[in-house]
Amino acid sequence: MKVRNVISLAAANLGREDLVAGAEDCAAEPFGELSSLLRCYNLVENEVALDYFPPKTEECFTAADLSEEGFLPYTAFSHAPVEILSVKGESGLPLSHESRTSGLVLPQNVTQVCVSYTYSPKEKEWGDDAEVMPQVSERLLSFGVCCEFCLTNGQYAEAATWEKKFREALRAANVGHKKLTVRSRRWA
């Protein structure tokens with residue numbers, strides 16, 4: 001899914017045909033209200049990724065990436081890690097590790113390590129691909145963009161409507177997760 005498609009859908013949702021046409025015609029950097037829509041998109045994508053559906057990846061590193069003390073800096077990762085999910089050695093078994101603010105401390109004799117982690121998406125440009133999990137649709141993102149755009153323009157009543165639609169779409173996308181319930185007690 002392309003960023004420009006989400007923004008075009010958001011403009012159509014808002015009834016702004018001038019912005020829909022501008023989104024389809026824009027080949028370079030957007031300007032004016034299209035630039036504002038792009039900023040709103042980045043805010044929404046970041047919120048969805050950090051709070052609801054964090055993108056996950058796994059990277060493997062060799063001894064050359066580690067310092068002599070077994071330190072693996074976060075700058076060696078291709079994305080900025082938010083949460084470390086697992087750390088495995090070359091045998092595929094979990095490795096003991098310590099998370100620090102600037103990297104991971106691993107055992108000193110490690111030759112290869114695979115780290116699975118969630119990350120924060122990078123800020124997108126006009127022609128970039130969205131960096132979201134598969135259950136997040138263009139429609140869901142466009143509702144969030146509409147809400148942010150209305151807030152930016154001081155249209156608070158419309159923003160509340162789009163906020164409600166956005167939250168309902170997030171809830172609907174999350175249907176696969178098991179709900180916690182407490183069984184009712186029976187008194188014999």
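**Cysteines in a predicted model**

Student: In this predicted model, is Cys60 buried, partly exposed or exposed?
Tutor: The relative accessibility of Cys60 is 44%. Buried requires under 20% and exposed over 50%. Cys60 therefore counts as partly exposed.

Student: How many disulfides does the structure hold?
Tutor: A disulfide requires two cysteine sulfur atoms within 2.5 Å. The sulfur atoms of Cys60 and Cys114 are 2.0 Å apart, and this pair forms a disulfide. The number of disulfides in the structure is 1.

Student: How many residues apart in sequence are the parts that Cys60 and Cys114 tie together?
Tutor: Cys60 belongs to strand E1, residues 56-62, whereas Cys114 belongs to strand E6, residues 112-119. The pair therefore ties together parts whose separation in sequence, in residues, is 54.

Student: Is Cys114 buried or exposed?
Tutor: The relative accessibility of Cys114 is 14%. The cut-off for buried is under 20%, so Cys114 counts as buried.

Student: Which cysteine holds the sulfur nearest to that of Cys40?
Tutor: Cys40 is buried, its relative accessible area being 0%. Cys40 takes part in no disulfide. At 9.0 Å, the nearest cysteine sulfur is that of Cys150.

Student: Which cysteine has the sulfur closest to that of Cys150?
Tutor: Cys150 counts as buried at 1% relative accessibility. The closest cysteine sulfur is 6.5 Å away, too far for a bond, and it lies in Cys146.

Notes: Residues numbered from 1 in each chain as written. Predicted model: local features only at pLDDT ≥ 70, side-chain atom pairs only at ≥ 80, totals over all residues. Heavy atoms only, no water. Helix = DSSP H or I, 4+ residues; strand = E, 2+ residues; numbered from the N terminus. Buried < 20%, exposed > 50% of the residue type's maximum accessible area, 1.4 Å probe, protein only.
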